[in-house]
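Hi,

Here is the structure I promised to pass on to you. Could you open it alongside this email and follow along as you read?

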Amino acid sequence: MCGIIGYVGHRPVVPILIEGLNRLEYRGYDSAGVAVVNGSGLEITKAAGRISVLEEMIDFESKNTFGIGHTRWATHGAPNDTNAHPHIDSSEKIAVVHNGIIENYKSLRTFLEQHGVTFKTDTDTEVVAQLIGHFYDGDLERAVRRALREVSGTYGLGVICTEEPGVMVAARKGSPLIIGVGQGEHILASDASAILSHTSQVVYLDDGEIARIEAGNFRLTTLDNVPISKETEEVEWSLEEIERAGYEHFMLKEIMEQPESMRNCLRGRIDLTEGAVHLGGLVDCTRELVRAKRFILTACGTAWHAALVGEYLFEEFVRIPTEVEYASEFRYRNPIVDDGTAVIAVSQSGETADTLAALREAKQRGALVLGVVNTVGSTIARETDAGVYLHVGPEIGVASTKAFTGQVAVLALMACYLGRRKHMSPAAAADYLQALSRIPEQMQETLDKVNVESEKVAERYSQRNNWLYLGRGYNYPVALEGALKLKEISYIHSEGLPAAEMKHGPIALITEGMPVVFIATSGLQYEKIISNMCEVQSRGGSVIAIATEGDHEIAKQADHVIYVPHTIEPLQPLLASIPLQLIAYHAAVIRGCNVDKPRNLAKSVTVE
Ligand code: F6R
């Protein structure tokens, strides 16, 4: 996810662009940049880091009234000064800001190189700038249209050209874009938050539309140049609301955007016809990975829970012994690691000090080290030998939600990638990948159905100070994650356990009405978990079951049932975790807790 802003009008452009970028910073904040057109050409200021870094460098006194800006969440190319947007073509006339992923950028790059273009960055976006430059013949809109015919992938684009000052071209496919309509001025942005302090009149671009925007007017067409007429709309949300896309909290927004983040995570990585997984970040070390004698997954907190799912996936599909280690423990217990061991660090931020220290330790002991990381260019991503990014976009809420499902999905992809090179048949892989590719749409179904039910459960039990979460097999880590979500944002004591362990001690805790959440989706251990539910009910505990749609029998052993769609057992954590995120969220809201900034916590724990 990145943020785009553009302005054409009569006021000095720099303060407008910077204000807009600050409002869009939640969409990505690893680098930012601005391009304005002055009398002699393009003036580009860009830098790695947050927008405050750009603010220090930029000339706020500039009188220019036309330009574009961008705040980046890196996907292709490290988040450094060079890869920051805007990107320009070789003639240095055309500047582009882009949100999205150009899937065929490699082949386009080769094509352009064959035509003498020299690239300056590692980004997919520079390919778009160069392609527009390649087709430019004095009409920017025509060149953009021509270039987009060659592009596959997703984009929200803002394009300007020194030869046509006062003309901004925007195009949308898969990444949002809005035009704010002011008095003799227009503002282009990724969302209304960057526009609202100037105007509440907006036009929403739809996929496949191109806009030619000038100070006094704009024109919308399809990619094939068919004119489109659209009414302006009034934005009724307040600025504060809209920054969270209308959600009361970032955590809720991030829970709700999981279908989209999962789509982004899986995009381009699954080949259903071949039953194959493509993970570019593993290509160079695939041989070594397949020959590894042992995997160690290391992480903290939520990422550790995702790693635990990874252990089950790796052992089932890759058949290489796999262990999961708390990063904070691994480093200090003289672990046995050698060159036959591959250590995989799992981390949303890529900056968690314990995880980083564990991977450095492993590296020093001769292991191959990999990262499963969300933040592109983070320290863990840079220090690993290879890895796979989550691509789930920035996670702002302190309680991790979409990063958890992203981590599980990437580990599921890795299990299949390696499994296919070991014991997994093409047919088995095809079935597995078919199920994985359905997850985004099933996440949407889950969200549509379970929110109300989850809120009811939270309302009923939010004043109870002790909860248990129990699961077996792949759902055991889900139980741990559900308990962590509840405790960290609502401050209710909760424990997650393998369901069978309950009778070895924790069962003594069960009292009348104590909420016990069972993750009881269909699978090999289903009958056993039903027995565990009976054990709790017969001692007066209140059973909340997360079950598979269509399982009506389970209602006999449960006080509440929340249904999730059917998927194969190894992928159930991706769906079963959603109602648990929602229960925790609603419980925290009901208890008046600060959901996005829970006490004593920080988004990234950079101390040991
Ligand atoms: C809980 C949570 C934390 C993180 C942990 C590791 O909701 O967010 O437990 O999972 O601090 O952080 P990363 O994944 O950034 O290494």
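This is a predicted model: local features need pLDDT of at least 70, side-chain atom pairs count only at pLDDT 80 or more; totals for chains, interfaces and linings use all residues.

**The ligand**

The ligand is surrounded by 13 residues, and the closest of these are Ser347, Gln348, Ser349, Thr352 and Glu488. For Gln348, a polar backbone atom is 2.6 Å from an oxygen atom of the ligand. For Ser349, a polar side-chain atom lies 2.6 Å from an oxygen atom of the ligand. Ser400 also takes part, with a polar backbone atom 2.9 Å from a ligand oxygen. On its own the ligand has 410 Å² of accessible area, and the protein covers 90% of that.

Which elements give two or more residues to the shell around the ligand? They are α10 (301–317) and α16 (475–490). Of the elements, α10 gives the most, with three residues.

Domain 2 brings 30 residues to the contact, and domain 3 brings 27 residues.

The size of an interface is often given as the accessible area lost when the parts come together. Here, domain 2 and domain 3 bury about 2500 Å² between them, and 73% of this is on carbon and sulfur atoms. On the domain 2 side, three residues stand out: Ile255, His305 and Tyr312 supply 20% of the area that domain 2 buries against domain 3, more than any other three residues.

**Two backbone details**

The peptide bond from His85 to Pro86 is cis, with omega near 0°. Pro86 sits in the loop between β4 (66–72) and β5 (87–88).

The other detail concerns Asn225, which is not a glycine but has a positive phi of about 70°. Where is Asn225? It lies in the loop between β13 (218–222) and β14 (227–228).

Happy to go through any of this with you.

Best wishes

Methods: Residues are numbered from 1 along each chain as its sequence is written. Side-chain values use heavy atoms; hydrogens and water are left out. A residue is near a molecule or strand if one of its heavy atoms lies within 4 Å of it. A polar contact is a pair of N or O atoms within 3.5 Å; within protein, one must be able to donate a hydrogen and the other to accept it, and residues adjacent in sequence count only if both atoms are side-chain atoms. Accessible areas come from the Shrake-Rupley method with a 1.4 Å probe; for residues, only the protein chains shown count as cover. Helices (H or I, at least four residues) and strands (E, at least two) are DSSP runs, numbered from the N terminus. Contact means heavy atoms within 4.5 Å. Buried area is the accessible area (1.4 Å probe) that two parts lose on being put together, summed over both.
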